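Here is a short note to read alongside the model. Please keep the structure open while going through the points.

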Amino acid sequence: MSDASLSIRNERGIDSSYTNSDDSGCDLADLRVRIRTAVEQVRATRPLAQSFTNFVTINLVANAQLAAGGAAAMSFLPDDVIDTAPISGADYINVGTLLPFYKDALPQIARAFHKTGHKWVLDPVAAGIGRTRTEILRAFRATPPTIVRGNASEIIALADMWGLSAEAEPGNQPATRPAGVEAVDEVDAAVEPARRLAQFLAASAPDKTAAVAVSGKIDLVTDGETVYRLPGGSAMMTKITGAGCSLGGVTATYLAVADPLTAALAASALYDRAGEIAETQSNGPGSFQVAFLDALWNVTADQVAASEIHMF
Amino acid sequence: MSDASLSIRNERGIDSSYTNSDDSGCDLADLRVRIRTAVEQVRATRPLAQSFTNFVTINLVANAQLAAGGAAAMSFLPDDVIDTAPISGADYINVGTLLPFYKDALPQIARAFHKTGHKWVLDPVAAGIGRTRTEILRAFRATPPTIVRGNASEIIALADMWGLSAEAEPGNQPATRPAGVEAVDEVDAAVEPARRLAQFLAASAPDKTAAVAVSGKIDLVTDGETVYRLPGGSAMMTKITGAGCSLGGVTATYLAVADPLTAALAASALYDRAGEIAETQSNGPGSFQVAFLDALWNVTADQVAASEIHMF
Amino acid sequence: MSDASLSIRNERGIDSSYTNSDDSGCDLADLRVRIRTAVEQVRATRPLAQSFTNFVTINLVANAQLAAGGAAAMSFLPDDVIDTAPISGADYINVGTLLPFYKDALPQIARAFHKTGHKWVLDPVAAGIGRTRTEILRAFRATPPTIVRGNASEIIALADMWGLSAEAEPGNQPATRPAGVEAVDEVDAAVEPARRLAQFLAASAPDKTAAVAVSGKIDLVTDGETVYRLPGGSAMMTKITGAGCSLGGVTATYLAVADPLTAALAASALYDRAGEIAETQSNGPGSFQVAFLDALWNVTADQVAASEIHMF
């Protein structure tokens with residue numbers, strides 16, 4: 001049997017390096033080089049990725065970015081965020097625990113990023129819940145992020161909201177999926193919404209590249225063309241709060257040094273490997289989180305780059 | 001000598017199962033069954049308990065709820081909280097670190113819960129300190145929670161504020177007890193205020209059941225009729241921030257699957273057992289918190305149900 | 001060779017106890033007694049030090065204060081903070097993650113502290129970034145803190161803002177140093193700004209004592225006259241978020257029982273020793289933070305008092 005961690009496979013069982021020759025750079029061997037380079041470059045250059053994120057997991061987001069080798073800064077005021085953006089390689093915005101002033105602040109920040117072509121990662125936590133969150137997420141459609149990372153339900157809800165569903169009809173109200181912060185949908189249900197979302201993001205991007213990452217038992221990453229599936233990780237990652245949020249933050253850290261597809265893949269692969277290591281070294285969710293941060297720090301770029309990745 | 005962890009005792013030394021035959025279900029053997037069932041049911045069904053809580057310990061509240069087997073969601077906007085309530089088995093409100101808009105948001109949320117009979121746990125952190133907190137806590141009197149959990153000083157201050165003290169005279173200003181976030185009163189001083197508070201809550205509840213839990217060296221829980229004392233735990237729980245807050249969150253998790261008295265007893269007993277286990281496995285407050293979360297995850301329903309409980 | 005941890009040295013190689021005989025109490029042996037007493041007194045009396053601090057590291061600030069032996073309370077509303085101040089030995093204000101209402105709240109709180117002579121520690125996080133932060137930090141000039149603790153870039157930026165730089169000319173705009181939350185300047189570059197800042201603070205203080213602490217590879221502490229350098233600590237302290245913030249919080253804890261110079265020295269020395277211990281007991285940033293909190297709890301007053309301190 002072949003080494004699963006190095007397998008290259010697509011929907012038709014044909015070696016993907018032959019079936020994907022477009023700009024999106026779908027040669028998996030090439031992707032592995034880019035992933036390894038991203039992991040190494042973060043550790044060598046310590047890029048700053050600024051975050052506007054929720055209060056529950058803000059500490060873990062910062063600590064995960066530091067453990068991955070980057071630098072962290074957290075802000076909520078538009079003047080702070082916009083002042084810091086020039087020294088931030090990419091930003092991370094997470095709409096978890098909203099305060100009233102975010103309704104104006106977040107669209108204002110997104111407009112500033114859009115104007116300067118500043119790269120950012122959106123985490124549409126609990127998309128579909130709450131009037132204020134829906135207003136904010138809809139407003140982002142006009143000034144889209146570079147990467148969206150969420151669970152399946154959030155990705156489906158956001159694609160709906162932005163009118164990107166196959167079923168979307170003009171005049172129809174987007175479906176409201178009361179998913180809470182946990183996915184009620186399986187990752188597979190999000191393949192098409194994720195792909196359409198990524199195509200929409202890429203079309204809006206200055207360099208026409210973007211990515212969408214869907215977290216789940218098997219992570220899914222797409223640049224709008226190819227869909228990548230990354231199995232692995234640990235079920236314990238759902239037993240600590242913030243595995244998803246901090247993955248979003250680390251995705252921004254990698255985006256500071258790499259293209260969107262590479263950044264999303266590198267972050268997902270890093271998390272899967274670190275989760276597996278942490279599971280073997282822990283005895284419950286408390287020690288898992290400690291071991292997970294240690295593993296983010298200790299896992300090698302080669303281990304991350306050798307991750308099992310399936311192309312479709 | 002009898003096994004203390006199974007002892008059944010009341011003030012008159014008479015087996016409590018004979019002296020308590022009212023609806024509040026005071027047979028201790030029956031209570032132990034209900035406690036074990038609650039612990040198991042949370043682990044089996046993973047109920048969501050939403051929190052509106054302070055920024056200091058919000059992460060620990062979520063992680064403790066996950067470690068107990070539940071699901072967590074944190075929100076501050078009334079539209080978020082009210083949208084999420086239908087999928088939340090019970091809510092947790094903690095008035096620790098207030099922001100200006102909470103003065104309107106929290107009473108609005110409490111009114112919405114009251115209107116639909118939605119169950120919730122109130123943690124009156126620092127009751128008596130600050131004009132805004134006092135306004136909020138007074139407003140809750142009209143739309144009371146299902147369970148109040150606090151330290152002795154907070155329970156006494158809240159009972160005063162709501163005019164439930166024995167000494168309360170019409171026209172008198174409720175005493176302001178500048179307790180800060182730490183109790184200056186002993187649990188015993190809170191027995192009568194706790195009992196009166198629980199009676200007031202029960203009278204307002206759709207099903208006429210409620211509970212008050214007072215945390216301290218010996219925890220005290222009452223449904224307004226019977227008073228239960230739970231000894232145990234660890235002094236290290238006062239050396240980490242958020243043991244009390246996260247206990248409140250886990251109480252809401254149990255309230256999602258059980259009656260108020262059972263929920264309060266199960267949460268207190270779980271915390272005492274986990275604290276004892278963590279103390280033996282740690283070397284200071286850092287490792288204590290890690291071991292405590294692991295113990296919340298690993299302690300068995302039988303261990304929790306067999307906890308020492310004294311009835312009075 | 002002499003024991004470095006007990007060395008007493010100044011710029012001219014003369015024993016400092018002979019060259020420093022002014023009021024600021026520069027006899028190093030005497031300082032060590034005061035440091036040991038502060039560490040012991042915090043553990044014996046558990047003083048409350050209230051914090052108004054950022055959302056990223058608020059949990060670590062509280063846990064570090066508890067681990068050092070103090071008590072913690074966190075608030076953001078002026079009425080809360082001002083109500084709690086009388087029972088708080090000293091306050092800690094950190095301008096990390098600002099919200100809009102802080103622009104009025106923070107100056108209001110500082111004015112209340114100034115009026116009553118209440119001691120407080122300022123952490124000018126990210127000084128120079130953002131219009132709102134600059135307004136707040138400038139406003140503090142009229143009601144200055146007892147201690148300022150920051151990294152070199154923040155100390156330089158604050159001294160600039162307050163017109164305390166050697167180069168400051170009337171009518172000039174203070175330099176804006178976009179340092180983010182991490183220092184871009186070396187500690188040595190902050191010696192003169194720190195000294196001038198401390199002199200300014202002391203001149204405004206009721207008892208004419210104050211201190212400035214600059215965190216870095218070698219920490220620098222000054223009362224405006226003498227400059228102290230404390231080598232040691234661990235590079236891992238830059239790989240967790242909040243080492244600096246929580247040091248500020250613990251400085252307030254010591255300020256509750258000691259003079260400003262002693263408080264700043266004791267906190268820096270405690271952090272250096274705990275960092276060194278934690279480094280030997282950890283395997284990455286996750287286990288480092290756990291071991292660090294344990295070490296704050298376990299390190300002895302004698303270990304802290306025997307720290308290497310150089311006078312200049």
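The points below take up two annotated positions and one chain interface.

1. Basis. This is a predicted model, in which local features need pLDDT of at least 70 and side-chain atom pairs pLDDT 80 or more, while totals for chains, interfaces and linings use all residues. Residues are numbered from 1 along each chain as written, chains are lettered from A in the order written, and side-chain values use heavy atoms, without hydrogens or water.

2. Annotation. An unreviewed UniProt entry places "binding site" at A:Met74 and A:Gly242. Such annotations may be inferred rather than shown by experiment.

3. A:Met74. This residue sits in strand S2 (residues 71-74) of chain A; strands are DSSP E runs of at least two residues, helices H or I runs of at least four. A:Met74 counts as buried because its relative accessibility is 8% (buried is under 20%, 1.4 Å probe, protein chains only). Beyond neighbours within four places in sequence, its contacts (heavy atoms within 4.5 Å) include A:Ile58, C:Val56 and C:Thr97.

4. A:Gly242. The loop between strand S8 (227-230) and helix H9 (243-255) of chain A holds A:Gly242. At 10% relative accessibility, A:Gly242 is buried. Leaving aside neighbours within four places in sequence, A:Gly242 touches A:Thr57 and A:Leu60.

5. Chains C and B. Contacts join 26 residues of chain C to 30 of chain B. One salt bridge is counted between them (Lys or Arg side-chain nitrogen within 4 Å of an Asp or Glu carboxyl oxygen). B:Arg133 pairs with C:Asp80, closest N and O atoms 2.9 Å apart.

Terms used. Buried < 20%, exposed > 50% of the residue type's maximum accessible area, 1.4 Å probe, protein only.
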